[in-house]
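Load the model and keep the selection tool ready.

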Amino acid sequence: MRVAFGKLRVGFGARTWGAAAVVGVVVAFSLSSTLVKRAHSPGVLIAFWRLAVVSVVWNVYVMCTGRRVTMRHVRQAFIPGVFFGLNLAIFFAGATHNSVANAALIGSLSPFLIVPIGAWLFSEHFDLRALMFALVSFAGVVIVLFSAPAHGDASTRGNVFGLTAMLLWACYVSSTRHFRRDMDVATFMATVSPIAAVAVLPLAIANGGVFGMSSTGWTYMLILTLLIGVAGHGLMVFAQKTIAIGTIGISSVVQPALAVVWSFLLLSEAVRGRQVIGITVAIVGLVAFLVFNERGERARRAAELSAPPSLGERPGVAGRAAGVRPVA
C-alpha cells in the first residue's frame, strides 16, 4: 500500500504494518490494569466474564473458517487453560488491590522465569551472563515497591497476588510450549479460553454476585474483552508474520512505563520520583536481559544452520527444528 503526499510517496510494506501491530499490542496490554481498576468490580468476576465472552468470539471465528475444536485439542490445551484462567483471575484481583505501577512492573518480570525454564525443559538458549542484568532489574523493582506512597493503592496483598499471577503466567507459557504442538493460534485460543473460564468459575461463584456487576463493570469487561482478548491477541498473531518474536518480547517491556502513564491520566494515581527511577532501572535491566539472550539464540541458530549435517541427517532438518518458535 502506498500513500502519496505531493511528490512524496510513503510505502507501507508488510513489516511496517507488522511494526504498527506491535505498537498496538503494547498499548492494548499496557491498559489492562488501569481498565480493571476503572471497572470498580471484583477482579475475579471481570476475569470470568472476559474469558467467557472471548471464548464465544474465538469459537465463532474458528467455525466461520471451517474448523472446529476437537477432544484432542481439549486434551492438549487443558493444563495451559487452567494456568491461563487462574493467572487472569489472580492478576485482575491483584490489580484491584494494588497500584498500577506495582501490578504492571511485577507482571513484567515473567521473562526472568520463562527464559531459564525454556533452557531447562526445552534446551533453549540461556546466557548466564544475562543474570547480571536480571539483578539490575530486580533492584529497580525493589525501589518501586518500597517507594510507594504511604496512602496510595499499593498493598502487600496486591503485591502477593501480582507475584502469584506472574508465576502462573510463566507456568502457562511453559505448558503451552509443551502441549500446544501443531495447533494454530485461533484454534488454540478457541480451546484454551473456555477451559480457562471453567477454571475460574468456582472462584467467581465463591466471590458471589456472578451476574450482579454494575453497568460500569459490564462496560469495562467488554472493553477488556475486545481490546485485549480479541484485538490484542489478534494483532500479536498478525505481527508475528513479519516481526521476530524476540523483537516483540523486547518491545513489550515498555508496558509498565505506559501503564504508569495511563494510571496517572485515567486514575490520578500518584507516582513518586524514586518510583520513576526504579521503573527506569527495571526496564533497562529487562531490555538488556532479553537482548543478551536473543543475540545468543540467534548466534546458536546460525551456527546450527551453517554446521554440516551429521551422518544420516538430511540437510536443514536440524536448523529448521531449532528455529521453530511457539506462538502464545
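Select tryptophan 169. It counts as partly exposed because its relative accessibility is 28% (buried means under 20% relative accessible area, exposed over 50%, partly exposed in between, with a 1.4 Å probe and protein chains only). This is a predicted model, where local features need pLDDT of at least 70, side-chain atom pairs count only at pLDDT 80 or more, and totals for chains, interfaces and linings use all residues. Residues are numbered from 1 along each chain as its sequence is written, and side-chain values use heavy atoms, with hydrogens and water left out.

**Along helix α8**

At 2% relative accessibility, tyrosine 172 counts as buried. Tryptophan 169 and tyrosine 172 both sit in helix α8, 3 residues apart, about one turn of the helix. Helices are DSSP runs of H or I with at least four residues, numbered from the N terminus.

**Aromatic pairs**

How many aromatic pairs does a search of the whole structure find? The search finds 7. Rings of Phe, Tyr and Trp (its six-membered ring) pair if their centres lie within 6.5 Å; planes under 30 degrees apart count as stacked, over 60 as edge-to-face and the rest as tilted. Tryptophan 169 and tyrosine 172 form a tilted pair, 5.1 Å centre to centre with 45° between the planes.

Now select phenylalanine 48 and tryptophan 49. Both are buried. Their aromatic pair is edge-to-face: 5.0 Å centre to centre, 70° between the planes.

**Helix α5 against α8**

Show α5 (residues 100-107) and α8 (residues 156-179). Their axes come within 9 Å and cross at roughly 25°. Therefore α5 is roughly parallel to α8 (angles under 35 degrees count as roughly parallel, over 145 as roughly antiparallel, 65 to 115 as roughly perpendicular and the rest as oblique). Axes are lines fitted to C-alpha atoms, for helices over the stretch in contact, and angles run from 0 to 180 degrees between N-to-C directions.

Which residues meet here? Asn102, Ile106 and Gly107 in α5 meet Asn159, Gly162, Leu163 and Met166 in α8. Contact means heavy atoms within 4.5 Å.

**Last stop: alanine 28**

Select alanine 28, in helix α1 (residues 14-30). Alanine 28 counts as buried, at 4% relative accessibility. Leaving aside neighbours within four places in sequence, alanine 28 is in contact with Leu227 and Ile228. Its C-alpha atom is separated by 10.0 Å from that of leucine 226, 198 residues apart along the chain.

Key:
Helix = DSSP H or I, 4+ residues; strand = E, 2+ residues; numbered from the N terminus.
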